[in-house]
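Please look through the structure shown below before reading on. The paragraphs after it go from the contact between chains to single residues.

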Amino acid sequence: MKILVCISNVPDTTTKIRFTEGNTSVDTSGIQWVINPWDELSLTRALELRDDPSSGVKSVTVIHSGPASAEPVIRKALAIGADDAVRIDSPSGDAYSVAAGIAEVVRKEQYDIILCGVESSDYNGSMVGGMIAEFLEIPSVSGISELKAEGGNVTITRETDGGKEIVSVPLPFTGIVQKGIAKEPRIAAMRGIMMARSKQIRVYEPGPEEALTGIEVFEKPPARGACKFIDPDNPEQLIDLLQNEAKVI
Amino acid sequence: MEIKKNLKSGEFLVADTDAADVFIPEEFNEEQLMIAQSCRDFLAMEVSPQMAELEKGNRELMKSILKKSGELGLMGVSIPEEFGGFGQSFVTQMLVAEASGAGYSFSVAFMAHCGIGTLPILYYGNREQREKYVPKLASGELIGSYCLTEPGAGSDANAGKTSATLSEDGKYYILNGQKMWITNAGFADIQIVFAKIDNDRVLSAFIVESSYPGVVIGPDEQKMGIKGSSTCQIYYNDVKVPVENLLGKRGEGFRIALNILHMGRIKLGANVLGSAKKAIEDSVRYANERKQFGVLISSFGAIKHKLAEQVIRLFTCESAVYRVSRDIDDLTDTLLADCGDTGRASIEAIGHYAVEAAILKVAGSEMLDYVSDEAVQIYGGMGYSAETDVERSYRDSRINRIFEGTNEINRLLVSDTAMKRAMKGDFDLFGKAAGLYAGLDNLLETMAEGDDYYGEKSTYTGNFKKAILICIHGAVERYGRTLVHQQEVLNNIADMIIETYLSESLRLRVQKLESLKSDLTVYRDILDVNIYDAASRIRKSAHDAIYAFAEEGQAENLVRAADTLTAVRGVNVKSARRRIADKLIEDNAYKF
């Protein structure tokens, strides 16, 4: 079995997001880019399976859609243990164009399991995994909290509202992964970092589809106002504020 | 002043450096950044969650975490590939030392193992010794320690009484004696032990396995800080050490000890950067959460002053740390081409930069003390609670001014070594100093500021150097060979040298940043405040030295010269510090 792990590069969680160009673009200066946490957990589980001879998983490839400036994040994935990598040389697009590009690579390179994080921690779109499955006309399983493979057969545990379900799925399929699939991400070991130098990153032309959506404008949530304290003996004031100031009742 | 490349140790006192020739932290490559990130990830995932248990003195836990860091390869960063390591540059080694610095007592255990516990064998061992021990130390299979200090031999290391007597059959040295303050002693497998063979006046070094009969490890010391690290006394009772475990040549121990201490000092300079960054981040995050009088305390000018000063001192030290690191890499490459032995080339290069090593040790340890002290102050009452990391940082920081040679010894080393290297002919210090001294009147008349921002700053640091040379000349002229007994004056000169090296390194870094960053406002602010403050500190040190050594009637002229040479343009330091603090507060993290 061959696993393909889709990775996004996202600003690290301590980043203060700023916008430029009339709030239509994210100011990327000074941002430290990291692998999207859900993708990193997918990669960790994929590597665990590859390292277990009984799983039947032979290789783990990572794929990223974006410009060459994202390659440090790809090499980090290689340092963590991925066997090789693909970069679709595309300016950042929307979920539709990214999924189309990845699907095109899967058609050419033939993967059995395509893993995506449930969302990326920057745009939180939660769409790419499902769209890849749609483009390829293969099954898609979401909410995966456990992924087992033995002798080429896959068993999946899904988180459902208030419970779990265990499902089987034919190959190939797209798996949309949430936290729980792996305990914690792997740390890139020195040997892995050294070996990442010599691992291949295959670069593909942009996918066949243009983006369907574009950003009109970014807005930050309004700053939180000061907290108002109301005397518990004065419910009229509370009602007045809720009606006339907050306008919620 | 002449601009030169590849300056010798201490030569910066009489020569300038081109900004293009220095290495700055903003130039780390992708691989170096990835290695540092792995260190930080390791601390976050394996060390921080266990810190409370480590602080209780759980030695097995510490050993197991050390071994995990070995499995990850972090212990092999300084080790050549032929001995199971990853053969990284000295700059990368220093970056790892920095990244591990946020690990409190783990960092002490890790650094002791990777540095003084392992590298003596790599640097001075023969082929068999290296092959036998170094790969296992690099992987964490064995843990190392370094046993120099004795009850009667601390700063005066050569006064050690531990003895080694050759057995009658000539197969062993019989070791007897006692060592103390030995980091990792409670679980180390290997000890680098210094002892005198027979009636030698000088030390020799030995590789001792803790399992040898007669090695007795005392209980752990109860310490003020770094409580998670194991520190014990070790007793040697007729320990039979195979003769093949003599490290280096007989009588070479003191040289080994000194060079290893140079290495330890310089890495301490990097290590404290990581500790300080953690304390600064703790400080700003607390200041951004804590409200008093209805507003966040980070909005107060008094708190901004503290936050900015923490940043200024850290950033300045960091500039010097990586400047020297690249100098050591360059010299290592040159020496390697001559001798073909990576270990020997590395330690010779490190030992060469003894002046800078002592500078970094003093400046770094005192920077961290300042930063952690102010971190506690920003936390207020909460900072006094043992629940907070800043309280631990404050206690853990203190040892850095004591171990790897006290700061008092290191201050003496700064001035003494610089003068000795000049006497040896490495650079012309005394001729230039005499020239300046003889032309004091001309000096006062020809003072000129540079014609641009960096030119002006360069003039200032050049003038600081002139002030140092004048003090050195005056002190040498007055005291001659007895200057060694005037430790106060030597310390004044050392303080001037330390300030100047730091300010110059900072200036070179900011100047080089011109081509790497678009907005340098806060970096220029850091440089402005540093130069402004350093000038007054240097002036004070110069005054103290001059009034100590100057003859009647001579002091006034010299003090005037010192005043002129430390005169700098006024700076609105309040506004500059506020801008620096505002960036820290806005980022809510150290992102300079």
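How many residues does the contact take from chain B and from chain A? The contact takes 15 residues from chain A and 19 residues from chain B, where two residues are in contact if their C-beta atoms, placed from the backbone, lie within 7 Å. On the side of chain B that touches chain A, helix 1 (30-47) and helix 20 (573-587) of chain B each supply at least two residues. Helix 1 of chain B gives the most to that side, with eight residues. Sorted by class, the side of chain B that touches chain A has six charged, four polar and nine nonpolar residues. Here Ala, Val, Leu, Ile, Met, Phe, Trp, Tyr, Cys and Pro count as nonpolar, Asp, Glu, Lys and Arg as charged, and the others, Gly among them, as polar.

This is a predicted model, in which local features need pLDDT of at least 70 and side-chain atom pairs count only at pLDDT 80 or more, while totals for chains, interfaces and linings use all residues. Residues are numbered from 1 along each chain as its sequence is written, and chains are lettered from A and ligands numbered from 1 in the order in which they are written.

Chain A has six helices and 13 strands; helices (H or I, at least four residues) and strands (E, at least two) are DSSP runs, numbered from the N terminus. Along the principal axes, the C-alpha atoms of chain A fill a box of roughly 70 × 45 × 40 Å. Of the 249 residues in chain A, 37% are buried. A residue is buried if 20 or more other C-beta atoms lie within 10 Å of its own, exposed if 12 or fewer, and partly exposed in between, with C-beta atoms placed from the backbone. Among contacts in chain A between residues at least 6 apart in sequence, 73% join residues at least 24 apart.

Helix 2 (residues 71-80) of chain A is mostly covered, with eight of its 10 residues buried. Ala77(A) is one of these buried residues, and Arg75(A) and Lys76(A) are also among them. Neighbours within four places in sequence aside, Ala77(A) is in contact with Ile7(A), Ile35(A), Leu43(A), Val62(A), Ala82(A) and Ala85(A). After helix 2 of chain A comes Gly81(A), with a positive phi near 145°.

Which way do helix 17 and helix 18 of chain B run, roughly parallel or roughly antiparallel to each other? The axes of helix 17 (residues 487-513) and helix 18 (residues 521-549) of chain B come within 9 Å and cross at roughly 160°. The two helices are therefore roughly antiparallel, since angles over 145 degrees count as such. The residues of their contact divide into 16 nonpolar, five polar and seven charged.

Ala542(B) lies in helix 18 of chain B. Ala542(B) is buried, because 27 other C-beta atoms lie within 10 Å. Apart from neighbours within four places in sequence, the contacts of Ala542(B) are Ala467(B), Cys471(B), Met496(B), Ala562(B) and Thr566(B). The C-alpha atom of Ala542(B) is separated by 9.1 Å from that of Ile470(B), 72 residues apart along the chain.

Some backbone details remain. Most residues other than glycine have a negative phi, and most peptide bonds are trans. The peptide bond from Leu171(A) to Pro172(A) is cis, with omega near -10°. Pro172(A) is in the loop between strand 11 (163-168) and strand 12 (173-177) of chain A. Ile226(B) has a positive phi, near 35°, and counts as buried because 25 C-beta neighbours lie inside 10 Å. Phe293(B) has a positive phi of about 55°, but Phe293(B) is exposed, with 7 other C-beta atoms within 10 Å.

Notes
Axes fitted to C-alpha atoms, helices over the stretch in contact; angles between N-to-C directions. Parallel < 35°, antiparallel > 145°, perpendicular 65-115°, else oblique.
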